[in-house]
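Student: I would like to learn how to read a protein model. Could you take me through one, feature by feature?

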Amino acid sequence: MGLIEQIKAKAKENPQRIVLPESLEERTLQAASQILSEGIARVILTGDPAAIKEKASGLGITNLDEARIIDPAKHEKKEVYTDLLTDLRKHKGMTRDQAATLVEDPLYLATLMIKNGDADGEVAGAANATGDVLRPAFQVVKTLPGIKVVSGAFIMMLSKKEFGENGTLVFADCAVHPDPTAEELAQIAVATGHTTRAIAGFNPRVAILSFSTKGSAKHPMVDKVIEATRLAKEMAPEMEIDGELQADAAIMESVGKKKAPDSSIAGKANVLIFPSLETGNIAYKLVQRLAGAQAIGPVLQGMAAPINDLSRGCSVEDIVNLVAITANQAATQ
Ligand code: ACO
(Lines give C-alpha, C1' and ligand atoms only; values in the text may rest on other atoms or scores of the structure.)
Protein backbone atom coordinates (compact mmCIF):
# COMPACT_ATOMS: atom_id res chain seq x y z
CA MET A 1 0.00 0.00 0.00
CA GLY A 2 1.37 3.48 -0.93
CA LEU A 3 1.78 6.24 1.63
CA ILE A 4 -1.40 8.11 0.66
CA GLU A 5 -3.45 4.88 0.75
CA GLN A 6 -2.07 4.19 4.24
CA ILE A 7 -2.97 7.72 5.38
CA LYS A 8 -6.51 7.35 3.97
CA ALA A 9 -6.95 3.93 5.59
CA LYS A 10 -5.88 5.38 8.97
CA ALA A 11 -8.29 8.33 8.55
CA LYS A 12 -11.20 5.93 7.89
CA GLU A 13 -10.54 4.06 11.16
CA ASN A 14 -11.53 7.10 13.23
CA PRO A 15 -13.31 9.69 11.04
CA GLN A 16 -12.67 13.25 12.20
CA ARG A 17 -14.84 16.36 11.73
CA ILE A 18 -13.08 18.45 9.08
CA VAL A 19 -14.34 21.89 8.00
CA LEU A 20 -14.05 22.88 4.33
CA PRO A 21 -14.92 26.58 4.52
CA GLU A 22 -14.60 27.27 0.78
CA SER A 23 -17.85 25.45 0.26
CA LEU A 24 -18.98 26.99 -3.03
CA GLU A 25 -15.65 26.20 -4.70
CA GLU A 26 -16.15 23.45 -7.31
CA ARG A 27 -13.07 21.30 -6.53
CA THR A 28 -13.89 21.56 -2.82
CA LEU A 29 -17.44 20.29 -3.40
CA GLN A 30 -16.20 17.43 -5.59
CA ALA A 31 -13.60 16.56 -2.92
CA ALA A 32 -16.27 16.72 -0.18
CA SER A 33 -18.39 14.25 -2.14
CA GLN A 34 -15.44 11.85 -2.57
CA ILE A 35 -14.41 12.17 1.10
CA LEU A 36 -17.97 11.31 2.18
CA SER A 37 -18.32 8.39 -0.19
CA GLU A 38 -14.94 6.94 0.87
CA GLY A 39 -15.63 7.62 4.60
CA ILE A 40 -12.34 9.52 5.06
CA ALA A 41 -13.84 12.24 7.31
CA ARG A 42 -17.06 13.78 8.58
CA VAL A 43 -17.35 16.86 6.37
CA ILE A 44 -18.54 20.25 7.60
CA LEU A 45 -19.33 22.88 4.95
CA THR A 46 -20.00 26.57 5.61
CA GLY A 47 -22.36 28.73 3.57
CA ASP A 48 -25.97 29.16 2.55
CA PRO A 49 -27.27 25.57 2.44
CA ALA A 50 -29.56 26.27 -0.56
CA ALA A 51 -26.71 27.80 -2.58
CA ILE A 52 -24.36 24.91 -1.72
CA LYS A 53 -26.96 22.29 -2.66
CA GLU A 54 -27.77 24.05 -5.93
CA LYS A 55 -24.08 24.27 -6.86
CA ALA A 56 -23.56 20.62 -5.91
CA SER A 57 -26.50 19.42 -7.96
CA GLY A 58 -25.14 21.38 -10.96
CA LEU A 59 -21.94 19.35 -10.55
CA GLY A 60 -23.87 16.09 -10.40
CA ILE A 61 -23.10 15.56 -6.71
CA THR A 62 -25.83 13.64 -4.92
CA ASN A 63 -24.42 12.70 -1.50
CA LEU A 64 -23.99 16.09 0.24
CA ASP A 65 -26.85 15.33 2.63
CA GLU A 66 -24.28 13.42 4.66
CA ALA A 67 -22.31 16.65 5.25
CA ARG A 68 -23.12 19.12 8.02
CA ILE A 69 -23.74 22.59 6.56
CA ILE A 70 -23.35 25.65 8.82
CA ASP A 71 -24.77 28.94 7.55
CA PRO A 72 -22.36 31.66 8.81
CA ALA A 73 -25.16 34.26 8.74
CA LYS A 74 -27.54 32.27 10.98
CA HIS A 75 -26.69 29.37 13.22
CA GLU A 76 -27.26 28.56 16.86
CA LYS A 77 -23.68 29.28 18.05
CA LYS A 78 -23.17 32.67 16.42
CA GLU A 79 -23.31 34.56 19.73
CA VAL A 80 -21.03 32.00 21.42
CA TYR A 81 -18.42 32.36 18.68
CA THR A 82 -18.68 36.16 18.73
CA ASP A 83 -17.99 36.16 22.48
CA LEU A 84 -15.14 33.71 22.00
CA LEU A 85 -13.47 35.80 19.29
CA THR A 86 -13.94 39.03 21.24
CA ASP A 87 -12.32 37.40 24.24
CA LEU A 88 -9.40 35.97 22.23
CA ARG A 89 -8.62 39.26 20.48
CA LYS A 90 -9.57 41.90 23.06
CA HIS A 91 -5.87 42.39 23.96
CA LYS A 92 -5.43 43.52 20.32
CA GLY A 93 -8.32 45.98 20.64
CA MET A 94 -11.03 43.95 18.85
CA THR A 95 -14.54 45.13 19.69
CA ARG A 96 -17.60 42.86 19.87
CA ASP A 97 -19.01 44.54 16.74
CA GLN A 98 -15.83 43.75 14.81
CA ALA A 99 -15.92 40.16 16.07
CA ALA A 100 -19.61 39.86 15.04
CA THR A 101 -18.63 40.77 11.46
CA LEU A 102 -15.63 38.41 11.40
CA VAL A 103 -17.58 35.36 12.62
CA GLU A 104 -19.52 35.50 9.34
CA ASP A 105 -16.24 35.03 7.43
CA PRO A 106 -16.04 31.26 6.78
CA LEU A 107 -12.27 31.24 7.41
CA TYR A 108 -12.80 32.70 10.91
CA LEU A 109 -15.88 30.57 11.49
CA ALA A 110 -13.91 27.38 10.78
CA THR A 111 -11.20 28.24 13.33
CA LEU A 112 -13.81 29.22 15.94
CA MET A 113 -15.61 25.90 15.47
CA ILE A 114 -12.30 24.13 16.13
CA LYS A 115 -11.47 26.30 19.14
CA ASN A 116 -14.95 25.65 20.60
CA GLY A 117 -14.63 21.87 20.14
CA ASP A 118 -17.22 21.69 17.33
CA ALA A 119 -14.74 20.53 14.67
CA ASP A 120 -11.38 18.73 14.65
CA GLY A 121 -9.55 20.30 11.71
CA GLU A 122 -9.77 22.52 8.63
CA VAL A 123 -8.56 22.44 5.04
CA ALA A 124 -8.75 25.62 2.93
CA GLY A 125 -6.73 27.55 0.39
CA ALA A 126 -8.24 26.40 -2.93
CA ALA A 127 -9.80 29.86 -3.22
CA ASN A 128 -7.84 31.96 -0.70
CA ALA A 129 -4.19 33.04 -0.32
CA THR A 130 -2.00 31.39 2.34
CA GLY A 131 -1.97 34.47 4.57
CA ASP A 132 -5.79 34.72 4.60
CA VAL A 133 -6.10 31.07 5.65
CA LEU A 134 -3.33 31.24 8.27
CA ARG A 135 -4.04 34.56 9.97
CA PRO A 136 -7.37 33.47 11.59
CA ALA A 137 -5.73 30.18 12.54
CA PHE A 138 -2.83 31.97 14.28
CA GLN A 139 -5.22 34.33 16.06
CA VAL A 140 -7.86 31.81 17.16
CA VAL A 141 -6.40 28.30 17.33
CA LYS A 142 -2.84 29.45 18.14
CA THR A 143 0.23 27.26 18.59
CA LEU A 144 0.87 24.13 20.65
CA PRO A 145 2.21 24.70 24.18
CA GLY A 146 5.96 25.37 24.01
CA ILE A 147 5.86 26.05 20.25
CA LYS A 148 5.99 29.64 19.01
CA VAL A 149 6.19 29.08 15.31
CA VAL A 150 3.98 27.32 12.79
CA SER A 151 5.75 25.88 9.77
CA GLY A 152 4.91 23.79 6.71
CA ALA A 153 6.42 20.42 5.79
CA PHE A 154 6.31 18.60 2.46
CA ILE A 155 6.61 14.84 2.11
CA MET A 156 8.71 14.42 -1.03
CA MET A 157 8.45 11.08 -2.81
CA LEU A 158 11.24 10.40 -5.30
CA SER A 159 11.68 7.63 -7.81
CA LYS A 160 15.33 7.32 -6.67
CA LYS A 161 14.94 4.94 -3.75
CA GLU A 162 18.55 5.35 -2.55
CA PHE A 163 17.76 8.74 -0.98
CA GLY A 164 16.09 9.35 2.39
CA GLU A 165 13.76 6.61 3.57
CA ASN A 166 13.43 4.41 0.52
CA GLY A 167 13.01 7.49 -1.68
CA THR A 168 10.90 9.55 0.74
CA LEU A 169 12.17 12.71 2.46
CA VAL A 170 10.40 15.37 4.53
CA PHE A 171 11.31 19.03 3.82
CA ALA A 172 10.53 22.08 6.05
CA ASP A 173 9.83 24.94 6.36
CA CYS A 174 8.62 25.32 2.79
CA ALA A 175 5.45 27.31 3.40
CA VAL A 176 5.08 29.66 6.36
CA HIS A 177 7.78 31.46 8.35
CA PRO A 178 10.09 33.61 6.21
CA ASP A 179 13.11 34.23 8.44
CA PRO A 180 13.30 32.03 11.55
CA THR A 181 15.62 32.75 14.46
CA ALA A 182 17.88 29.94 15.72
CA GLU A 183 15.28 29.04 18.37
CA GLU A 184 12.46 29.02 15.81
CA LEU A 185 14.54 26.91 13.43
CA ALA A 186 15.14 24.42 16.24
CA GLN A 187 11.37 24.24 16.86
CA ILE A 188 10.76 23.70 13.14
CA ALA A 189 13.30 20.83 13.14
CA VAL A 190 11.71 19.08 16.12
CA ALA A 191 8.14 19.64 14.86
CA THR A 192 9.13 18.17 11.49
CA GLY A 193 10.58 15.12 13.22
CA HIS A 194 7.20 14.59 14.92
CA THR A 195 5.31 15.10 11.63
CA THR A 196 7.60 12.56 9.98
CA ARG A 197 6.74 9.93 12.60
CA ALA A 198 3.01 10.74 12.63
CA ILE A 199 2.31 11.20 8.92
CA ALA A 200 5.18 9.73 6.86
CA GLY A 201 5.42 6.80 9.30
CA PHE A 202 9.18 6.44 9.75
CA ASN A 203 11.83 7.41 12.31
CA PRO A 204 13.26 10.84 11.50
CA ARG A 205 16.97 11.47 10.88
CA VAL A 206 16.97 15.25 10.81
CA ALA A 207 19.63 17.32 9.00
CA ILE A 208 19.64 21.09 9.56
CA LEU A 209 21.06 22.44 6.31
CA SER A 210 23.51 25.21 5.53
CA PHE A 211 26.11 26.13 2.92
CA SER A 212 28.70 24.85 5.42
CA THR A 213 29.43 21.37 6.78
CA LYS A 214 30.87 21.17 10.29
CA GLY A 215 32.74 24.46 10.21
CA SER A 216 33.81 24.47 6.54
CA ALA A 217 32.57 28.08 6.23
CA LYS A 218 32.30 30.92 8.74
CA HIS A 219 29.34 33.31 8.57
CA PRO A 220 26.57 34.57 10.86
CA MET A 221 24.10 32.49 8.77
CA VAL A 222 26.13 29.37 9.57
CA ASP A 223 26.27 30.36 13.26
CA LYS A 224 22.45 30.47 13.27
CA VAL A 225 22.24 26.89 11.99
CA ILE A 226 24.88 25.68 14.50
CA GLU A 227 22.90 27.27 17.35
CA ALA A 228 19.61 25.86 16.01
CA THR A 229 21.17 22.37 15.95
CA ARG A 230 22.33 22.72 19.55
CA LEU A 231 18.89 23.90 20.68
CA ALA A 232 17.03 21.22 18.71
CA LYS A 233 19.18 18.47 20.28
CA GLU A 234 18.42 19.95 23.70
CA MET A 235 14.67 20.13 22.94
CA ALA A 236 14.45 16.55 21.67
CA PRO A 237 17.37 14.48 22.97
CA GLU A 238 15.65 11.28 21.81
CA MET A 239 15.52 12.46 18.17
CA GLU A 240 18.40 11.95 15.70
CA ILE A 241 19.33 15.50 14.68
CA ASP A 242 22.54 16.93 13.24
CA GLY A 243 23.86 20.08 11.54
CA GLU A 244 25.22 22.18 10.14
CA LEU A 245 25.32 20.06 6.98
CA GLN A 246 25.36 20.85 3.27
CA ALA A 247 22.64 19.13 1.28
CA ASP A 248 25.05 16.66 -0.40
CA ALA A 249 26.65 15.75 2.93
CA ALA A 250 23.18 15.18 4.37
CA ILE A 251 21.78 12.87 1.70
CA MET A 252 24.76 11.17 -0.01
CA GLU A 253 26.62 8.54 1.97
CA SER A 254 29.91 8.99 0.08
CA VAL A 255 29.93 12.78 0.64
CA GLY A 256 28.66 12.51 4.22
CA LYS A 257 31.52 10.14 5.13
CA LYS A 258 34.10 12.58 3.74
CA LYS A 259 32.71 15.86 5.04
CA ALA A 260 31.18 14.78 8.36
CA PRO A 261 32.72 11.42 9.33
CA ASP A 262 31.62 11.75 12.97
CA SER A 263 27.99 12.50 12.18
CA SER A 264 25.54 9.66 12.77
CA ILE A 265 23.11 10.94 10.17
CA ALA A 266 25.29 12.54 7.46
CA GLY A 267 24.55 10.71 4.20
CA LYS A 268 21.42 9.12 5.72
CA ALA A 269 19.16 12.07 6.45
CA ASN A 270 15.47 11.60 5.68
CA VAL A 271 14.34 15.00 7.01
CA LEU A 272 15.84 18.21 5.59
CA ILE A 273 15.41 21.47 7.51
CA PHE A 274 16.12 24.61 5.49
CA PRO A 275 17.55 27.74 7.12
CA SER A 276 14.85 30.04 5.68
CA LEU A 277 11.52 29.94 3.87
CA GLU A 278 13.26 31.14 0.69
CA THR A 279 15.55 28.12 0.59
CA GLY A 280 12.86 25.64 1.64
CA ASN A 281 10.20 26.84 -0.79
CA ILE A 282 12.63 27.02 -3.72
CA ALA A 283 14.14 23.61 -2.92
CA TYR A 284 10.84 21.74 -2.74
CA LYS A 285 9.60 23.26 -6.00
CA LEU A 286 12.85 22.43 -7.80
CA VAL A 287 12.88 18.84 -6.54
CA GLN A 288 9.21 18.50 -7.51
CA ARG A 289 9.71 19.90 -11.03
CA LEU A 290 13.25 18.84 -11.95
CA ALA A 291 13.38 15.46 -10.23
CA GLY A 292 9.68 14.68 -10.77
CA ALA A 293 9.07 14.09 -7.06
CA GLN A 294 5.52 13.84 -5.74
CA ALA A 295 5.16 16.62 -3.14
CA ILE A 296 2.51 15.99 -0.48
CA GLY A 297 1.64 19.03 1.63
CA PRO A 298 2.22 21.53 2.98
CA VAL A 299 1.42 19.78 6.25
CA LEU A 300 1.21 22.60 8.78
CA GLN A 301 2.84 21.81 12.09
CA GLY A 302 2.97 23.52 15.46
CA MET A 303 -0.68 24.67 15.42
CA ALA A 304 -2.80 23.64 18.43
CA ALA A 305 -5.22 21.89 16.03
CA PRO A 306 -4.63 20.75 12.46
CA ILE A 307 -5.34 23.40 9.83
CA ASN A 308 -3.85 22.88 6.39
CA ASP A 309 -3.50 25.22 3.47
CA LEU A 310 -3.94 24.17 -0.15
CA SER A 311 -2.32 25.72 -3.18
CA ARG A 312 -4.87 27.61 -5.32
CA GLY A 313 -3.80 25.42 -8.23
CA CYS A 314 -4.78 22.26 -6.32
CA SER A 315 -6.68 19.33 -7.81
CA VAL A 316 -9.65 17.48 -6.28
CA GLU A 317 -7.23 14.69 -5.39
CA ASP A 318 -4.93 17.17 -3.57
CA ILE A 319 -7.89 18.29 -1.43
CA VAL A 320 -8.95 14.71 -0.63
CA ASN A 321 -5.34 13.81 0.28
CA LEU A 322 -4.86 16.86 2.49
CA VAL A 323 -8.15 16.16 4.30
CA ALA A 324 -6.91 12.62 4.99
CA ILE A 325 -3.61 14.01 6.35
CA THR A 326 -5.50 16.56 8.47
CA ALA A 327 -7.71 13.80 9.85
CA ASN A 328 -4.59 11.78 10.78
CA GLN A 329 -3.12 14.82 12.55
CA ALA A 330 -6.41 15.41 14.39
CA ALA A 331 -6.61 11.80 15.51
CA THR A 332 -3.07 11.83 16.93
CA GLN A 333 -2.87 15.39 18.29
N1 ACO B 1 3.61 30.87 13.64
C2 ACO B 1 2.76 31.24 14.61
N3 ACO B 1 2.18 32.45 14.68
C4 ACO B 1 2.48 33.33 13.71
C5 ACO B 1 3.38 33.03 12.68
C6 ACO B 1 3.94 31.73 12.65
N7 ACO B 1 4.77 31.30 11.68
N8 ACO B 1 3.48 34.12 11.86
C9 ACO B 1 2.67 35.05 12.38
N10 ACO B 1 2.08 34.59 13.50
C11 ACO B 1 1.09 35.26 14.34
C12 ACO B 1 1.65 36.54 14.96
O13 ACO B 1 2.27 36.27 16.18
C14 ACO B 1 0.39 37.39 15.08
O15 ACO B 1 -0.33 36.99 16.21
P16 ACO B 1 -1.10 38.11 17.07
O17 ACO B 1 -1.98 38.87 16.11
O18 ACO B 1 -1.89 37.32 18.08
O19 ACO B 1 -0.03 38.97 17.67
C20 ACO B 1 -0.46 36.97 13.88
O21 ACO B 1 0.01 35.68 13.50
C22 ACO B 1 -0.31 37.90 12.72
O23 ACO B 1 1.08 38.15 12.58
P24 ACO B 1 1.73 39.10 11.49
O25 ACO B 1 3.18 39.27 11.80
O26 ACO B 1 0.87 40.30 11.30
O27 ACO B 1 1.72 38.13 10.29
P28 ACO B 1 1.10 38.35 8.91
O29 ACO B 1 -0.36 38.08 8.97
O30 ACO B 1 1.58 39.61 8.30
O31 ACO B 1 1.85 37.16 8.19
C32 ACO B 1 1.93 35.06 7.23
C33 ACO B 1 1.73 35.81 8.53
C34 ACO B 1 0.79 35.42 6.31
C35 ACO B 1 1.92 33.57 7.45
C36 ACO B 1 3.29 35.52 6.63
O37 ACO B 1 4.33 35.10 7.45
C38 ACO B 1 3.48 35.02 5.24
O39 ACO B 1 2.96 35.61 4.29
N40 ACO B 1 4.26 33.92 5.10
C41 ACO B 1 4.58 33.38 3.80
C42 ACO B 1 3.44 32.52 3.30
C43 ACO B 1 3.70 32.20 1.89
O44 ACO B 1 3.47 33.03 1.01
N45 ACO B 1 4.25 30.99 1.64
C46 ACO B 1 4.65 30.56 0.34
C47 ACO B 1 3.52 30.02 -0.44
S48 ACO B 1 2.96 28.49 0.20
C49 ACO B 1 3.57 27.32 -0.88
O50 ACO B 1 4.23 27.60 -1.83
C51 ACO B 1 3.30 25.95 -0.51
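Predicted model: local features only at pLDDT ≥ 70, side-chain atom pairs only at ≥ 80, totals over all residues.

Student: Into which domains is the protein divided?

Tutor: There is domain 1, covering 3–142 + 304–332, and domain 2, covering 151–295. Their centres, taken over C-alpha atoms, lie 31 Å apart. Where the two touch, domain 1 supplies 10 residues and domain 2 supplies seven residues.

Student: How is the packing of two helices described?

Tutor: Two numbers describe a packed pair: the angle between the axes and the distance between the axes. Here, helix H4 (residues 78–89) packs with helix H6 (residues 106–115) at about 90°, and their axes are 10 Å apart. Angles of 65 to 115 degrees count as roughly perpendicular, so H4 and H6 are roughly perpendicular to each other.

Student: Which residues make the contact between H4 and H6?

Tutor: From H4 come Tyr81, Leu84, Leu85 and Leu88, while H6 brings Tyr108, Leu109, Leu112, Met113 and Lys115. By type, these residues of the H4 and H6 contact divide into eight nonpolar, no polar and one charged.

Student: How many aromatic pairs are there?

Tutor: Rings of Phe, Tyr and Trp pair if their centres lie within 6.5 Å. By this rule the count is two aromatic pairs.

Student: Are phenylalanine 154 and tyrosine 284 buried or exposed?

Tutor: Both phenylalanine 154 and tyrosine 284 are buried.

Student: Where is glutamate 25, and is glutamate 25 buried or exposed?

Tutor: Glutamate 25 sits in the loop between strand E1 (17–20) and helix H2 (26–38). Buried means under 20% relative accessible area; glutamate 25 has 14%, so it is buried. Leaving aside neighbours within four places in sequence, glutamate 25 is in contact with Ala126, Ala127 and Ile319.

Student: What about methionine 1, buried or exposed?

Tutor: Exposed means over 50%, and methionine 1 has a relative accessible area of 74%, so it is exposed. Methionine 1 belongs to the segment before helix H1 (3–13). Apart from neighbours within four places in sequence, methionine 1 is in contact with Gln6 and Ala9.

Student: Where do cis peptide bonds occur?

Tutor: One runs from alanine 172 to aspartate 173, with omega near -15°. Aspartate 173 lies in the loop between strand E6 (168–172) and helix H8 (182–200). Another cis bond joins glycine 243 and glutamate 244, where omega is about -15°. Glutamate 244 is in strand E8 (residues 240–245).

Student: Which residues have a positive phi without being glycine?

Tutor: Asparagine 166 is one of them, with phi of about 55°. Asparagine 166 lies in the loop between E5 and E6 and is exposed, at 56% relative accessible area. Lysine 214 also has a positive phi, of about 50°. Lysine 214 is found in the loop between strand E7 (205–209) and helix H9 (220–235) and counts as partly exposed, at 40% relative accessibility.

Methods. Residues numbered from 1 in each chain as written. Heavy atoms only, no water. Axes fitted to C-alpha atoms, helices over the stretch in contact; angles between N-to-C directions. Helix = DSSP H or I, 4+ residues; strand = E, 2+ residues; numbered from the N terminus. Parallel < 35°, antiparallel > 145°, perpendicular 65-115°, else oblique. Contact = heavy atoms within 4.5 Å. Nonpolar A, V, L, I, M, F, W, Y, C, P; charged D, E, K, R; others polar. Phe/Tyr/Trp six-rings, centres within 6.5 Å; stacked < 30°, edge-to-face > 60°. Buried < 20%, exposed > 50% of the residue type's maximum accessible area, 1.4 Å probe, protein only. Domains from an automatic or database assignment.
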